[in-house]
Amino acid sequence: MRGTERLYGALVNRVPGIREHYQKKRAHAAGIRRGGVWLYLLGLNVSYYVFHNRKLEQMEHFPYYEKKTLYSEGSESSLSYREPPELFAERLAEHDVVSFDVFDTLILRPFSEPADLFFFSGEELRYPDWKRIRQEMEQEAREKKYKAEGHREVTISEIYDLLERETGVEKSSAMAMEAELEKRFCFANPYMKLVTDRLRERNRRLIITSDMYLDAGQIRELLQCCGYGEFDAYYVSCEYGRSKSKGDLYDLVRIEEAQTECKIAEMRNTEAQGNKKEEAHVIRIAHVGDNEISDVRHAKEHGVTPFYYRNVNAAGALCRPEDMSSITGSLYRGTVNAHIHNGLNCFSREYEYGFIYGGLFVTGYCQFIHQYVKSHKIDKILFLARDGDVLSKAYHILYPEEDKNREYVYWSRLAGTKMAAGKFKYDYFRRFLFHKVNQGYKMEQILNSMELADMLEDLCEQTGLTKETVLTDRNVGTVKTFLMERWAEVSAHYQEQLDAGRLYYAPILDGCRHAAAVDIGWAGSGAITLDYIVNEVWQMDCGITGIIAGTNTCHNAEPDYSETFLQSGKLVSYLYSQRENRDLWKFHDPGKDHNLFWEMLLDAPSGSLKGFYLREDGGWECRFKDADEAKKDKIEEIQRGILRFVECWRFIQKKESVQCDSEKQNFYTEIRDLCGISGRDAYQSMLLMMGDKNMGFRKGLQALADEITI
């Protein structure tokens with residue numbers, strides 16, 4: 001074993017906790033930052049061997065260690081909300097020239113780290129560990145440049161010279177592929193797009209000043225692809241051997257722009273030409289960028305007026321989960337940060353709850369449904385009301401080509417319990433009687449909820465109870481016995497609902513041999529009940545498979561309620577089950593309102609279904625519980641946030657863009673395989689919320705739940 005390997009083994013691999021902390025730190029460090037990681041590693045070893053920190057003997061077990069203090073004083077976007085772009089543009093317009101940084105200022109990527117683009121390069125090249133190798137070769141190219149010319153500014157061509165030599169990939173095609181990926185993923189910062197549009201209306205000179213390995217032509221093309229059009233000049237570090245990080249690029253900008261101003265003054269040929277020519281060297285230049293050192297401090301030191309624009313990922317980092325798979329995690333964090341922290345909008349807390357905490361889940365759940373439907377040749381997807389409302393809308397955004405196979409259908413546990421009472425008698429009594437004991441419900445209320453009001457008088461006569469008698473653990477058995485003895489009469493009350501329901505579902509399931517019923521969960525009773533009624537009562541010969549977000553967990557009174565259906569495949573679960581993501585199955589606790597937090601995301605503005613009923617003309621109708629209008633507004637705002645996230649993710653999956661070197665035309669790039677969201681990742685943002693350190697965010701969420709639960 002080589003000496004370096006022995007040293008690595010001693011410092012890193014010997015203690016599990018040290019290895020875990022080091023590898024997490026190392027994964028986010030590149031270039032000169034790696035030196036800091038080694039210091040961090042030495043600190044961990046000192047902590048363990050000198051100060052006897054025995055916590056490092058064991059790896060930290062998720063989900064318990066990733067805890068953050070989430071912002072709870074208002075909406076997260078309020079932290080980054082800026083003055084209107086029109087006002088910012090007016091302040092910039094006081095200068096003769098306005099300079100802009102490119103990446104993380106004019107242009108955003110849906111990544112939390114810029115280098116995460118290279119994950120997709122590696123997939124295109126079918127080359128393992130490409131991201132790390134690409135970063136390593138860039139750093140090596142910069143070191144070579146420094147030794148040869150005294151600066152570290154390199155071109156992408158120089159980077160790929162090394163990559164071709166060290167990896168064997170063909171330079172020109174790989175380099176072109178990376179440039180194409182930049183076009184696929186980059187998009188205009190909506191705030192800065194409005195700023196530049198207003199400045200152009202004021203006829204201000206707009207220039208680019210960027211530290212980047214892409215040359216001016218490549219940056220020009222990228223900006224045009226993002227809808228910015230042409231800028232007046234491009235100053236890129238790799239072309240001049242100067243940089244903002246050192247400050248000398250600003251000196252070049254001032255000289256070049258002063259000369260340009262002189263030429264413009266000469267061309268004007270006005271009486272003020274001479275004065276203008278003499279004053280050209282003191283033209284006022286503003287620069288907008290996201291780096292506090294290179295874009296602010298160094299700009300000011302070199303005679304340029306800086307305007308700081310906070311990096312969206314830096315702004316959102318404290319509120320985003322890190323313990324996610326590398327690609328999905330980066331895409332999620334980058335997407336959320338770009339939308340929430342670009343400064344253009346101050347969103348409502350309901351909207352942000354939908355976008356930040358529900359968007360990834362709904363998108364991933366729809367992907368899961370789509371994959372299941374395709375692999376199992378499902379004829380129709382039934383999104384069950386009311387949880388299926390926003391899911392159906394999201395599925396349409398992601399897979400509009402499947403609209404003919406997608407149906408939002410009316411269904412509820414209440415309606416299903418009554419219609420399937422003949423088979424699931426135990427559940428019938430549990431829902432209508434035993435779940436309501438000792439809660440203040442009177443006999444009249446109980447029988448009304450069961451739609452057995454006409455049997456109340458007989459109940460009172462035979463049992464000695466009154467309509468005002470409260471249901472308790474002492475008399476619930478008496479009520480059950482009365483109903484069991486007259487079960488044929490009870491069942492007859494629901495025949496109309498069965499007949500009306502058949503009229504409703506017959507055209508929906510016409511020609512279907514296999515349908516999927518989509519619901520939030522948790523026991524899967526909605527799909528199980530519907531399958532029974534469709535096939536055993538209505539004899540429609542259409543198998544129903546239930547797709548649920550999550551199952552009952554170990555904290556439920558009936559943790560095994562649906563286990564046989566999950567085992568057989570009649571139910572499938574996205575987030576977790578006893579067999580998948582078992583740690584989540586152990587963590588998720590309805591007693592701590594975990595179910596409620598998820599149900600809030602999929603709540604619908606309409607009231608829940610009471611049942612199906614026949615009309616006098618022989619048709620059918622649905623009757624619903626009334627919905628509170630104020631609650632509807634909040635629910636719709638949550639849905640708006642969810643659906644906006646879905647639209648953003650679809651943009652990543654299947655970007656509609658404009659080819660930059662020809663007339664306008666649409667092209668689509670499929671990268672769905674790398675944008676797939678596992679159930680484990682989909683749960684993570686919610687898990688972070690549930691572990692909020694100061695509980696402020698969670699308390700606010702519980703208050704919101706009280707407001708909107710219908």
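Me: Glad to share it; where is glutamate 451 placed?

Reply: Happy to start there. This is a predicted model, so local features need pLDDT of at least 70 and side-chain atom pairs pLDDT 80 or more, while totals for chains, interfaces and linings use all residues. Residues are numbered from 1 along each chain as its sequence is written, and side-chain values use heavy atoms, leaving out hydrogens and water. With helices taken as DSSP runs of H or I of at least four residues and strands as E runs of at least two, numbered from the N terminus, glutamate 451 sits in the loop between helix H21 (443-449) and helix H22 (456-463).

Me: What is the phi of glutamate 451?

Reply: Most residues other than glycine have a negative phi. Glutamate 451 is not a glycine, yet its phi is positive, near 60 degrees.

Me: Is glutamate 451 buried, partly exposed or exposed?

Reply: Buried means under 20% relative accessible area, exposed over 50%, and partly exposed in between, using a 1.4 Å probe and protein chains only. Glutamate 451 has a relative accessible area of 27%, so this residue is partly exposed.

Me: And what is the phi of aspartate 593?

Reply: Aspartate 593 lies in the loop between helix H28 (582-587) and helix H29 (594-601). Its relative accessible area is 29%, so it is partly exposed. Aspartate 593 also has a positive phi, near 70 degrees.

Me: Which residue does a cis peptide bond join to alanine 385?

Reply: Most peptide bonds are trans. Here omega is about 0 degrees.

Me: Which side chain of opposite charge is nearest to aspartate 290?

Reply: Lys and Arg count as positive and Asp and Glu as negative, with His and the chain ends not counted. A salt bridge needs a side-chain nitrogen of Lys or Arg within 4 Å of a carboxyl oxygen of Asp or Glu. Aspartate 290 is buried and has no salt bridge; the nearest such side chain, 6.2 Å away, is lysine 244.
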